[in-house]
Amino acid sequence: MVKYVVEKNGKLMPSNEMKKIAWVSDEKIYKDAEKNPVKFWERLAEEGISWEKKWKKPYVEKLPYFEWFKGGKLNFCFNCLDRHLKNNGNKVALIWVPEPTGEKTIKLTYKQLHEKVCRFANVLKKNGVRKGDAVSIYLPMIPEALIVMLACTRIGAIHSVVFSAFSADALKSRIEDCKAKILVTSDGYYRRGEEEELLGKAKEAAEKTTIKKIIVVRRLGKKLDKELDFEEEIKKAKADCDCETVNSEDIMFILYTSGTTGKPKGIVHDTGGYAVQAYWTCKWNFNLHDDDIMWCTADVGWITGHSYAFYGPLLNGCTTLVYEGSPDFPDYGRWWKIIQDNKVTVFYTAPTAIRMFMKAGDEWPRKYNLGSLKILGTVGEPINEEAWMWYFNRIGSKRCPVIDTWWQTETGGTLINSLPGIGPFVPTVSGRSFPGTRHIVVDDKGKEVKNGETGNLVQLSPFAPGMLHGVYKNHEKYVETYWRFKTKYDTSDGAYIKNGLIRMTGRTDDVMKVAGHRLATAELEDAISKDNSVAECAVVPIADEIKGQVPVAFVVLKSGEGSEEIEKEIKKFVDKKIGPTARPAKIYFVEDLPKTRSGKIMRRILKALLNNEDPGNLMTLINPEIVEKIKEIIQKSSEKA
Ligand code: WTA
């Protein structure tokens, strides 16, 4: 079996075989790009993306805003589908694996996918969707999610995908923010062998909003009320639909993400710049050639699902694999069986999943032939060395590089990682800034720190083409969240740089990564404090062996004592307000929260108590005596457990 990595001077590096097949294998690329990053990206834009009209200005920067390929015109869907039809029309674009093992895998060629997308684009048009209108998409991992998203981009409509495990309330607030006209959803989906309901939540969310029609994919075959049936509608629609030409800087999609307040922010992405970054990062990070089969396990409700489960592979004319269900259904061998059966070559997943499989045992991957794999990727949260090594040894059989990609919803595509043909592949270290971009580490005043020192990771101008175009209708939020250093984009991540390689150290704000899912403590606090019994609360993350982090809540009740029943009720309430992903792992009922004189809740102290650490100086507290009491409550509870 081909080995793609070798050990050189104690470091894992690309083998000659890898260098031979790699798109980039010469370090020079970094230096060349750095000389003139705008020119570099211009060349990539020209080479990778089909434009209807070339841009007049490659890059215009008026901070805090900047635009790429200004004056350029294109259609995103054309780039994902139409341009591949002539030579690759019969090639499989999408392999879809349903969760129920008795159901057949579905394969759609570029031609077939193109036809479905055109038909659905016509359905959208018939229902009044025009260029610039927003469409909300609340779909599980089924082919229709891809079809609907591409259909939006075909007619220049803006899509806003909402994670299907989010609650009706979460969906509603996102519909209201972008004023979507149409909601596309399904009657449900399969999860761990059970039917999960979705339509009820969708209907509840759409009530009294701008939504005029709900279009439903009948995944479970349920009867509809007054909603439109996806299948019937596309059958009636015409099979061709012209691509709407849009400006490079026109909004392509909004994706809501957690910030430091209770309300999620609508991260705005444009068309041209996003396409360029999605195309090239996918191609170079995963060394995609057109016979590759890529499987990115992320749900489309998150940015990784957008950029690497769907768009990146299609822009590159490859085959992408999508799996509907749970990784452990019917057993822990499911993912490895999918890789074997479909000869997946590039596999991209999250540390949480790797840790879960590591715990489940080596016997599961051992049962399957994973020899088709060439590249392994990870994303979403810091990966610990043990998980990295297990992934490298057990899944890649020491043959495949592990590409640890750092990026964010805001950056649209990956930005920091080692390239497969260049390396090095160092556990827990992400690597270098993608060619044509630059990151440094600064202190809280914005001054660059010394090599090896930890600080705030920032990005320097010119900012990458796929970066956000602002926060939807919220200029203040945009400025305050990302531009505290004025001319440097603040990632809100901590990091240090050693020997030119960047290592992440976690968020610097109150954002948690729970099983790779992004969640703000403020969002959770906002939800919990709306429960009728709650007077006040504070949420802090604690480390979790598998999920990386999990939220823990400290709750002050309006009256009476806490109990298991109330804990259950509050957890249920969080499910309703946000979704089960946000459910606190534990709730402590306390009589007060540690606060400063100005009323600020000291979450730092709560964190220290949970971790059995010294809470430090309590002088600034207005109620220092509460700290000891909370400590006792935590201790008692752990004794009970
Ligand atoms: C974290 C996910 C360490 C980071 C694509 C970032 C990572 C946040 C890595 C964005 C990585 C992402 N190593 N941390 N390789 N990748 N993160 O918006 O804290 O869901 O700011 O985008 O995930 O999360 P988001």
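A nitrogen atom of the ligand sits 3.1 Å from a polar backbone atom of G380. The model is predicted. A polar backbone atom of T405 is 2.7 Å from a ligand nitrogen. For P382, the distance from a polar backbone atom to a ligand nitrogen is 3.5 Å. Taken alone, the ligand exposes 530 Å², and the protein buries 97% of that area.

The shell around the ligand holds 18 residues. The closest are D404, T405, T409, D493 and R518. By class, the shell divides into six nonpolar, six polar and six charged residues.

The largest nonpolar core contains 151 residues. Within this core, L113, F120, L150 and W336 touch the most other members. Leaving out residues up to four places away in sequence, W336 touches F347, F357, W364, P365, Y368, L370, W390 and I395. Another core lies apart from the largest one. This other core has 47 residues, including V162, A527, V539 and I587.

Helix 13 (residues 351-360) is largely enclosed by the rest of the structure, because eight of its 10 residues are buried. The buried residues are P351, T352, A353, I354, R355, M356, F357 and A360. F357 is also one of the residues touched by W336. The buried residues of helix 13 pack against several elements. The helices among them are helix 12 (334-342), helix 14 (363-366) and helix 15 (385-395). The strands are strand 20 (346-349), strand 21 (375-379) and strand 32 (548-557). Just after helix 13, G361 takes a positive phi of about 115 degrees.

A charged residue can be buried too, as R154 shows. R154 lies in helix 6 (residues 143-154). Its relative accessibility is 3%, so R154 counts as buried, the cut-off being under 20%. The side chain of R154 makes a polar contact with the side chain of H114, at 3.4 Å. Beyond its neighbours within four places in sequence, R154 is in contact with N75, C77, D82, H114, V117, C118, A121, C241, D242, C243 and E244.

Methods:
Residues numbered from 1 in each chain as written. Predicted model: local features only at pLDDT ≥ 70, side-chain atom pairs only at ≥ 80, totals over all residues. Heavy atoms only, no water. Near = heavy atom within 4 Å. Polar contact = N/O pair within 3.5 Å; in protein donor to acceptor, adjacent residues only side chain to side chain. Areas by Shrake-Rupley, 256 points an atom, 1.4 Å probe, with all protein chains shown as cover. Core = buried A, V, L, I, M, F, W, Y, C linked by side-chain atoms within 4.5 Å. Buried < 20%, exposed > 50% of the residue type's maximum accessible area, 1.4 Å probe, protein only. Contact = heavy atoms within 4.5 Å. Helix = DSSP H or I, 4+ residues; strand = E, 2+ residues; numbered from the N terminus.
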